[in-house]
Amino acid sequence: MYDVLPYASSKEPWLTTARWRAIERHFREMVLRAGYREIRTPILEPTELFKRSIGEATDIVSKEMFTFVDRGERSLTMKPEGTAPAVRACIEHGLFAEHPLLKLFYIGQNFRYERGQKGRYRQHQQLGVEVFGATDPAIDAEVLALAMSFFTTLGVRCRLHLNSVGTSECRATYREALKAYVRPSLAHLSEEGKMRFEVNPLRMLDTKDQKDLAILAGAPVLRDFLSEESSQHFAQVQEYLTALNIPFAIDDGLVRGFDYYSGTVFEIKGEGLGAQDALGGGGRYDGLVEECGGTAVPGLGFGIGMERCLLALEALGIAPPQDDESPVAFIITAGEQQAGKTTAVRLLQTLRSAGIAADMDYLGKNFRRQFKRADDLGTKFYIIIGEDEVASGTVQLKDRASGEQEKIELDSVVPVIKSKLL
RNA sequence: GCGACUGUAGCUCAGGUGGUUAGAGUGCCAGGUUGUGGCCCUGGAGGUCGUCGGUUCAAGUCCGAUCAGUCGCCCCA
């Protein structure tokens with residue numbers, strides 16, 4: 001857990017709201033251009049939703065959910081991922097019936113009860129998309145292309161790891177073949193490996209244990225067990241990616257942590273991120289909607305980790321394009337009795353109403369300190385109002401960069417500033 | 001859930017082998033006549049030394065516990 005603050009600390013410069021907004025905007029613009037529409041789902045969902053969709057045997061469900069019982073004796077869980085809630089919402093509101101092809105995106109907080117470390121937080125934000133209704137490999141390519149271009153346009157170097165886990169039938173056949181292969185060496189497997197052998201054999205492939213890797217080196221490969229259809233679909237996805245000039249690496253060991261994946265799965269890994277190098281991941285989940293109680297609607301999507309993205313940019317020394325938070329104009333009042341104060345208060349509102357970012361001092365600072373404050377905020381223009389100006393209905397407009405100053409009519413402040421901004 | 005390391009001003013950090021009122025830089029505030037800014041000069045505020053307990057005449061410093069954070073394992077975003 002952490003706070004995102006309005007001002008940068010030298011220790012964690014990525015942890016500022018300006019950077020977060022910049023990334024969110026980058027993502028929003030990209031997916032809106034591609035025809036995706038935003039969905040927002042609640043943080044709390046019935047625990048059952050995640051158990052059913054993600055799978056009881058997965059790490060997330062078995063030990064990483066923030067789950068509690070509410071006053072009505074219902075078991076609720078703070079969402080650990082965004083896909084299941086989106087599916088639930090779409091079923092509940094009949095979106096699948098109304099939209100044969102549904103392209104959605106979301107920006108939201110996810111919660112996982114894990115030990116925190118760099119790039120891994122109990123509350124983290126994901127930027128994601130979900131597409132429902134299409135089995136066309138071209139949509140797989142679109143989703144992959146979006147995830148990749150999100151990073152590449154930011155300047156983040158990353159690698160796309162790709163695999164296909166086929167249909168549940170493909171996996172069932174493969175699972176048996178894999179177990180048959182490993183069984184003779186079972187005694188030599190790590191404790192973790194043995195456990196996975198029983199609970200979730202495919203996850204054995206995901207190990208980093210050297211001994212296990214050696215045992216699995218000659219194991220049958222899931223790809224060889226794909227049905228004709230799955231295999232062709234996967235080949236087609238690769239062809240499109242090649243046509244799009246998106247480099248990828250087939251990763252036979254890539255098995256995602258959720259049970260609902262089918263067909264195309266992928267992970268995007270960054271460089272220089274330490275242990276938490278997965279910037280994003282996702283895949284196809286053709287059986288999920290049905291599993292959650294809807295009609296059979298195919299789907300796929302990805303999630304990108306906001307914190308990891310910011311961390312990656314930081315590691316590369318790239319500052320994301322941020323909003324200019326400086327005021328255009330800063331009003332400075334002068335004179336014994338703060339003569340221009342009332343005029344200033346009114347002018348400030350006028351400027352803002354006209355769409356010009358403007359501010360003034362509220363701490364009773366002296367004339368000189370008001371300039372300093374304006375400088376600190378990075379204003380473009382100072383507007384000086386004193387007794388003389390009030391008397392003549394004018395203001396002094398001074399350009400900070402050039403130092404040039406002119407006396408203009410109070411009523412012409414807005415048009416003059418606007419013309420100077422062009 | 002497991003392991004290693006770290007906790008001293010808002011921030012970045014100093015504070016050999018325990019010894020008076022715990023320091024610096026930076027930031028913040030004020031002043032340098034409230035009619036001209038950035039720079040500069042002067043001054044000021046701000047710390048129960050993470051917390052609790054122990055050893056000692058004496059603890060920021062040694063010991064224990066606890067909490068928090070960082071990093072790694074696991075897993076993932």
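A: Three strands make an open sheet here, in the order 2-4-3, with antiparallel pairing. The model is a predicted one. Strands in a sheet are held by backbone hydrogen bonds, either parallel or antiparallel. The edges of this sheet are strand 2 (44-46) and strand 3 (66-69), and each of them pairs on one side only. On average, neighbouring strands of the sheet are turned by 35° against each other, direction ignored.

Look at strand 3 and its partner. Strand 3 and strand 4 (residues 75-78) run antiparallel, joined by four bridges. Phenylalanine 66 stands opposite methionine 78 in strand 4. Valine 69 stands opposite serine 75, also in strand 4. The two strands form a hairpin, with five residues between them. In that turn sits glutamate 73, with a positive phi of about 70°.

Helix 2 (residues 47-54) lies across strand 2, strand 3 and strand 4. Its direction is about 70° to strand 2.

Helix 2 also meets another helix. The axes of helix 2 and helix 4 (residues 83-92) come within 10 Å and cross at roughly 110°. That angle makes helix 2 roughly perpendicular to helix 4. Which residues touch? From helix 2, Leu49, Phe50 and Ser53 meet Ala84, Pro85 and Arg88 of helix 4.

The domain assignment of chain A gives domain 1 (17-166 + 226-316) and domain 2 (329-416). The C-alpha centres of the two domains lie 50 Å apart.

Tyrosine 382 stands opposite lysine 398 in strand 15. Strand 15 pairs with strand 16 as well, again in the antiparallel sense, over five bridges. There, leucine 397 stands opposite glutamate 406 in strand 16. Strand 15 and strand 16 form a hairpin with five residues between the strands. Glycine 403 in this hairpin takes a positive phi near 80°.

Then follow the chain into helix 16 (residues 413-421). Its buried residues are Val413, Val414, Val416 and Ile417. They cover an arc of only 170° around the axis, so they lie on the same side of helix 16. What covers them?

In helix 8 (residues 191-199), the buried residues include Gly193, Arg196 and Phe197. Their arc around the axis is only 110°, which puts them on the same side of helix 8. Glu191 and Glu198, on the other side, are exposed. Helix 7 (168-182) and helix 9 (210-216) are among what covers the buried residues of helix 8.

Technical notes. Residues are numbered from 1 along each chain as its sequence is written. Chains are lettered from A and ligands numbered from 1 in the order in which they are written. This is a predicted model: local features need pLDDT of at least 70, side-chain atom pairs count only at pLDDT 80 or more; totals for chains, interfaces and linings use all residues. Side-chain values use heavy atoms; hydrogens and water are left out. Buried means under 20% relative accessible area, exposed over 50%, partly exposed in between (1.4 Å probe, protein chains only). The arc is that of the directions from the helix axis to the C-beta atoms. Domain bounds come from an automatic or database domain assignment. Two strands pair if DSSP finds at least two bridges between them. Axes are lines fitted to C-alpha atoms, for helices over the stretch in contact, and angles run from 0 to 180 degrees between N-to-C directions. Contact means heavy atoms within 4.5 Å. Angles under 35 degrees count as roughly parallel, over 145 as roughly antiparallel, 65 to 115 as roughly perpendicular and the rest as oblique.
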